[in-house]
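Hi there,

Here is the structure I promised to pass on. Please have it open while you read my notes below.

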Amino acid sequence: MKATKKIILPILLLLASLGVSSCDKDNNVDPPKTIVDVAVADVQFSTLTAALTKAELVTALQGNGPFTVFAPNNAAFGKAGITSLDGLSKEALTPILTSHVLSGKVLAADVKSGTGNTLNTANNIYFSVNPSGVFINGNIKVISTNIDATNGVIHIIDNVIVPPSKSLVQIATTTADFSELTSLVLAADPAVAKALTDASTTGLTVFAPTNAAFNELYKTIPKATLLDPANKKLLTDVLLYHVVGGRVFSTDLPNVSGEVATVNTANIRFDLTNGAKVVGKTSGNSNITAANVLATNGVIHVIDKVLLP
């Protein structure tokens with residue numbers, strides 16, 4: 001009997017110690033974290049949390065939500081050229097930061113190509129989902145997903161979402177390399193300028209030839225010929241052949257198959273072999289030399305050859 005007690009007693013003591021240890025572990029469980037708590041606890045979000053504090057948005061993101069935050073890390077701020085917040089006021093930061101937040105909890109698997117309505121009611125964002133991943137506004141990639149919080153979810157992005165401030169026409173008229181394009185638009189049927197100005201909520205995509213592209217065209221079709229009032233329809237048709245309805249980002253192109261109708265109604269197509277190209281019906285390949293220039297009412301891609309229907 002004494003031998004049995006000698007065996008049982010150590011077992012009971014061991015079980016008791018395990019119970020105490022288990023209770024200690026339960027007591028040390030980390031408390032639930034909001035989106036703000038997650039960001040504050042992660043050094044890669046130090047610039048983001050400083051920006052949220054300066055914009056007085058911390059309390060809002062501590063609310064019930066749920067929210068989906070596309071969070072730029074410190075490297076993303078550097079990539080966007082934001083190396084200091086000193087020159088940015090609360091009023092400047094607020095529209096930028098609220099453009100990174102959606103209402104509701106959207107997990108990575110639920111993100112689809114299309115429009116995202118942000119907390120910045122003056123600025124939507126645009127998703128492209130292709131075999132290379134998820135992109136925002138064509139240039140910003142989602143690099144890490146589904147960081148859970150009590151009031152939503154965080155996805156990390158590699159650049160900062162900056163709302164556009166200029167329309168398609170304003171970008172064209174203030175860009176030196178689009179001076180030829182601008183002069184021809186003004187000479188064409190007023191419908192061209194009106195279409196670019198009155199782009200609907202779905203926006204427009206403009207493939208904008210540079211001055212060099214037009215100068216090359218003038219070797220075969222002189223500018224004077226295009227400006228001749230008798231050829232206004234030709235000029236109008238050529239310009240509208242560079243415009244597609246809706247916002248088509250470079251990151252949408254891998255999902256495009258077949259031909260795409262332009263505002264001219266004639267079709268173009270895309271060739272992604274060895275770089276993105278737009279293919280005109282009679283003009284052949286035109287390289288996209290700069291992509292995803294975001295406007296308030298659409299997007300511009302710069303091309304090196306004028307498209308001809």
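Predicted model: local features only at pLDDT ≥ 70, side-chain atom pairs only at ≥ 80, totals over all residues.

Residues are numbered from 1 along each chain as its sequence is written, and side-chain values use heavy atoms, with hydrogens and water left out.

Let's start with the sheet. Seven strands form an open sheet with mixed pairing, in the order β2-β1-β7-β6-β5-β4-β3. (Strands are DSSP runs of E, at least two residues, and helices are runs of H or I, at least four, numbered from the N terminus; two strands pair if DSSP finds at least two bridges between them.) At the edges, β2 (101-103) and β3 (114-116) each pair on one side only. Within the sheet, β4 (residues 125-130) and β5 (residues 133-136) run antiparallel and are joined by four bridges. Asparagine 130 sits opposite glycine 133 in β5.

Now to the cores, meaning sets of buried Ala, Val, Leu, Ile, Met, Phe, Trp, Tyr and Cys residues joined through side-chain atoms within 4.5 Å, where buried is under 20% relative accessible area (1.4 Å probe, protein chains only). The largest has 28 residues, and Leu196 and Leu239 touch the most other members. Helix α12 (232-240) is among the elements that give two or more residues to this core, and α12 gives the most, with four. Apart from this core lies another of 25 residues, including Val36, Val38, Ala51 and Ala71.

Best wishes

Note on methods:
Buried < 20%, exposed > 50% of the residue type's maximum accessible area, 1.4 Å probe, protein only.
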